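My notes follow in the order in which I looked.

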Amino acid sequence: MSNHKKLEDFRQEIDKCVKCGACQAQCAVYKTLKRESTVARGKVAIAEALLDKDLPLNDRFVLDMSQCLLCGSCYDKCPNLVPTDEIVMAARREIAERQGLTTFGKVLTGVIKRPKLMETLVKGGQFFGPFLFKKIPDHSGLRLRFPVPFISQDRAIPEFSDQPFRSRYPELIPGDDDKPLVAFFTGCMINYTYPEVGEALVKVMRFMGFPLQIPQAQGCCGLPALAAGDEETVDLLADANVDAFAADKAEVVVTACASCHAGIGKHYRDMGGDYAVLGDKVVDVLKFLVDNGLVEKLQQLNHKDYKGETLRVTYHDPCHLRTQGITAEPRALLRALPGVEFVEMEGADRCCGLGGTFSVYHYDTSRKIGSRKADGIAASQADVVASACPGCMMQLQDSIQHAGLPQRVSHVLQLIAECLPE
Amino acid sequence: MLAPRVIRLLEDIVGSEQVTTDSTDMLCYSYDATQQTFLPDAVVFPENAEQVSLIMKMANVENIPVFPRGAGSGFTGGSLPTKGGVVLVTSRMDRIIEIDEDNLVATVQPGVVTEQFQQAVEKVGLFYPPDPASLKFSTLGGNAAECAGGPRCVKYGVTKDYILGLQVVTPQGDIIRTGGATMKGVVGYDLTKLMVGSEGTLGIITELIIKLLPLPEAKKTMLIMFNSIDGAAQAVSAIIRGKIIPTTLEFMDAATIDCVRKATDMELPEQAQAVLIVEVDGDADLIEKQAKRILEIVQPLGVVATRVAITAAESEDIWKVRRSVSASLRNVNPDKFNEDICVPRSKVPEMIRKVDLIAQKYDIPIVNFGHAGDGNIHVNIMIDSKVADQAERAEKAIKEVFAGALALGGTMSGEHGVGNTKAPYIPMELDPAAVAYMKAIKQALDPKNVLNPGKILLEDLETIEQAKQAN
Ligand SMILES: Cc1cc2nc3c(=O)[nH]c(=O)nc-3n(C[C@H](O)[C@H](O)[C@H](O)COP(=O)(O)OP(=O)(O)OC[C@H]3O[C@@H](n4cnc5c(N)ncnc54)[C@H](O)[C@@H]3O)c2cc1C
Ligand code: SF4
Ligand code: SF4
């Protein structure tokens, strides 16, 4: 039996949509393209029409289901809590299944026949360097996120690290005796492209005295595969992670990537069984730190120790944290940092436009969404844009670069780590 | 079905990218917040008045109905293509053309979303008060066409009070201007007022000149719980008699409070049989005094408890209670008929009592909340349409609710308009001569009946029924 609901299983949720149109205020894709088929209300209607056989599963359907960042913003504000993101993912599974292909991405690749993109194949390859890309396991979400032929040549992509984060540390980093063991789910982006975020996490945990376990056998959370409608891979990855974080170990699993937080948190909970047991342990690291008194500790740090100039920092809400109600914690931490002046930017809660594979297939739309984000960043006059998700960090960097802005992008953890005594 | 020739003509006008006949798009523009479905034959996305004008000229020559649409958030089906034809969407006409701080007026295109406009003017210290609950997604064109209102209307009035002038494409395709950017103007008929609230049946709005106010310095929000609906209603009259016009005076009846209890963290004690949310705005010192005075005035009327917001966050908490109403109603029953009758302020308690009796008579839950300050009551008849005969009972109940409102000197719709859903009830409210007068206007301006046919006026009822059956 499949661990994943079929589109048909979402009937009840689909019926809950009262067509009020409130999602028009939330959906970044709709706000950019302004076509009803792109907003949650439209997608839900289209999915229902497929179930009722009023619409065929054709190229148009594939495209419509690809026009979603899976950000969950619509669900968050929907008066009837219609889970459009999940409905879209179920539709993508349906597409892959009916077309007899392993992933929705493959179907979509066939639908978007843009020869120009092929030209960038070689140039895209340069970013990764075939040698470096070889280090990425076949099942890493990064391979789904950056299918080489589709990477636009002017997209800013972080370098792949020579030495993945997890290979830099032993499985267990000891801490204070009286503190419980905490496990760290790194996710692919921290492991391969932003190891410095992982380093910062290790430093902050050390400061807090928590013993840290970094299971070497962990892998990709599976969110990119889920977004690609590839249930088999999701199950494979989820099984591996359940084993790696076996029940006898830590009671808390922290993530520093908002997407992974949704991937091994929310989605594993939805899958039930052992997956849910792991999912229930997942906490975003910033929330964990605030709950364990880091704000107070930071306030006690002697401000005089801070040598640099005052840094103006603003914060971008990753959708996958915002829709889980985690918005105050990162801000509280930033406000508590010595030498940091926190400023709110306009549209902090607007999606950055990455949406995993979305930005790969719909780079133009993704960039337009990103450029609105850049407007808010520019107006904030901050020195640093902080966030809590490597995916957002990559997209923000890209938007900032295209807008010609001076800001640097950083994970909240990195800013905290910079302030801590060595 | 439209002839391929007609589609080509449309493509020539707006460009081929901006016309669609794809069945997916037809589905996506077949509905609005009423949840009815009528499939169009084509959807067009013009970007200026000239294109709209050419579309209307073509529609007259080819005899094709055209249905203007903003955000499709209407509650009475105004934007639905009840006869097939062309849906004309204003989403690309979404520019704020000018905010004139010297004259406190702004010029905008119809597709601008209400909240975006409010935020833009508030940035420069100005204020656009009309605040329909749909302001985050409805368009200014749609607001003007429906003459939308909201909680702040007690003090500030409705959309029509802020529209100084319009650019309109007439049903036959002429581009005209009505009113202007001046505060006064009496030359000719007041076509601006005629257009506002005409639900896209007399012309397509392509530009709006909007009056602005200075942004009030501060506001204060209070939630007052009463042990009876009468107490709350008397409080409304007492506040107004006390010569205070609050910004908002929202009420919820006992059934509504029951629904929201589960949905909010705010404590709403069992004795609370009615709630008023009162907000005042203006100079900081003045509103302190007003708030104090209001609490004094209402105290003898059975107040159970009060919450006075001090910070913006506390005020937000209070509004959250009000906003959670709509969604929490689903706990009562899955489907609802949402009517928005309006009665003279003083008749609110009498109306609520009538509604309670109707609910008992037809044995269906009815939940009432709304804008007590202006007598506008949202009567929500909650049914499960899958249960046999509930829908029919609801229909009968609605008719009695309307009759009840009319008997008290009220109207069957304060905000949501007529569209196609309330068209059958028009004769209950308007006398035949008034209907004839309206028909004469419509016929003179739109002799071929191509602009939003089948809305408001009854003559097209049969066609609606036919179209419904065809779908
Ligand atoms: C959750 C919710 C809450 C609501 N709350 C309120 C409320 O508090 N107060 C209230 O008054 N209404 C409310 N409404 C109803 C609705 O939002 C308003 O009627 C709104 O003004 C409709 O705007 P729209 O852009 O969605 O227009 P649409 O629904 O697209 O169209 C409405 C009508 O306007 C016409 N129209 C649209 N654009 C133009 C144009 N440019 N020129 C001519 N005609 C045009 C259409 O033909 C149609 O007849 C609510 C709706 C929802 C779903
Ligand atoms: S907000 Fe929710 S209920 Fe309303 S139209 Fe969107 S998905 Fe449907
Ligand atoms: S999940 Fe995000 S992108 Fe997808 S429909 Fe909802 S708001 Fe739009």
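This is a predicted model: local features need pLDDT of at least 70, side-chain atom pairs count only at pLDDT 80 or more; totals for chains, interfaces and linings use all residues.

**Entry 1: chain A against chain B**

I looked up the extent of this interface and noted 25 residues from chain A and 26 residues from chain B in the contact. The area buried between the two chains comes to about 2100 Å², and carbon and sulfur atoms give 52% of that area.

I then turned to charge and found a count of five salt bridges between chain A and chain B. One that I looked up joins the side chains of Arg60(A) and Asp22(B), with 3.6 Å from N to O. The cut-off for a salt bridge is 4 Å, so this pair qualifies at 3.6 Å.

For secondary structure, I see that α3 (40–51) and α4 of chain A are the elements giving two or more residues to the side that touches chain B, and that the largest share, five residues, comes from α3(A). Sorted by class, this side of chain A holds ten nonpolar, five polar and ten charged residues.

**Entry 2: domain 1 against domain 2 in chain A**

I next looked within chain A, which is divided into domain 1 (7–100) and domain 2 (294–419). The C-alpha centres of these two domains lie 29 Å apart, and the contact takes 16 residues from domain 1 and 15 residues from domain 2.

The area buried between the domains is about 1200 Å², with 60% given by carbon and sulfur atoms. In domain 1, the residues that lose the most area to domain 2 are Thr32(A), Leu69(A) and Cys71(A), together 39% of what that side buries.

How many salt bridges cross this domain interface? I find zero between domain 1 and domain 2 of chain A, although three residue pairs are in polar contact there, both residues of each at pLDDT 80 or more.

I noted that α2 (28–33), α4 (59–66) and α5 (73–77) of chain A each supply at least two residues of the side of domain 1 that touches domain 2, and that α2(A) gives the largest share, five residues. By class, I count eight nonpolar, five polar and three charged residues on this side of domain 1.

How values were computed
Residues are numbered from 1 along each chain as its sequence is written. Chains are lettered from A and ligands numbered from 1 in the order in which they are written. Side-chain values use heavy atoms; hydrogens and water are left out. Domain bounds come from an automatic or database domain assignment. Contact means heavy atoms within 4.5 Å. Buried area is the accessible area (1.4 Å probe) that two parts lose on being put together, summed over both. A polar contact is a pair of N or O atoms within 3.5 Å; within protein, one must be able to donate a hydrogen and the other to accept it, and residues adjacent in sequence count only if both atoms are side-chain atoms. Helices (H or I, at least four residues) and strands (E, at least two) are DSSP runs, numbered from the N terminus. Ala, Val, Leu, Ile, Met, Phe, Trp, Tyr, Cys and Pro count as nonpolar, Asp, Glu, Lys and Arg as charged, and the others, Gly among them, as polar.
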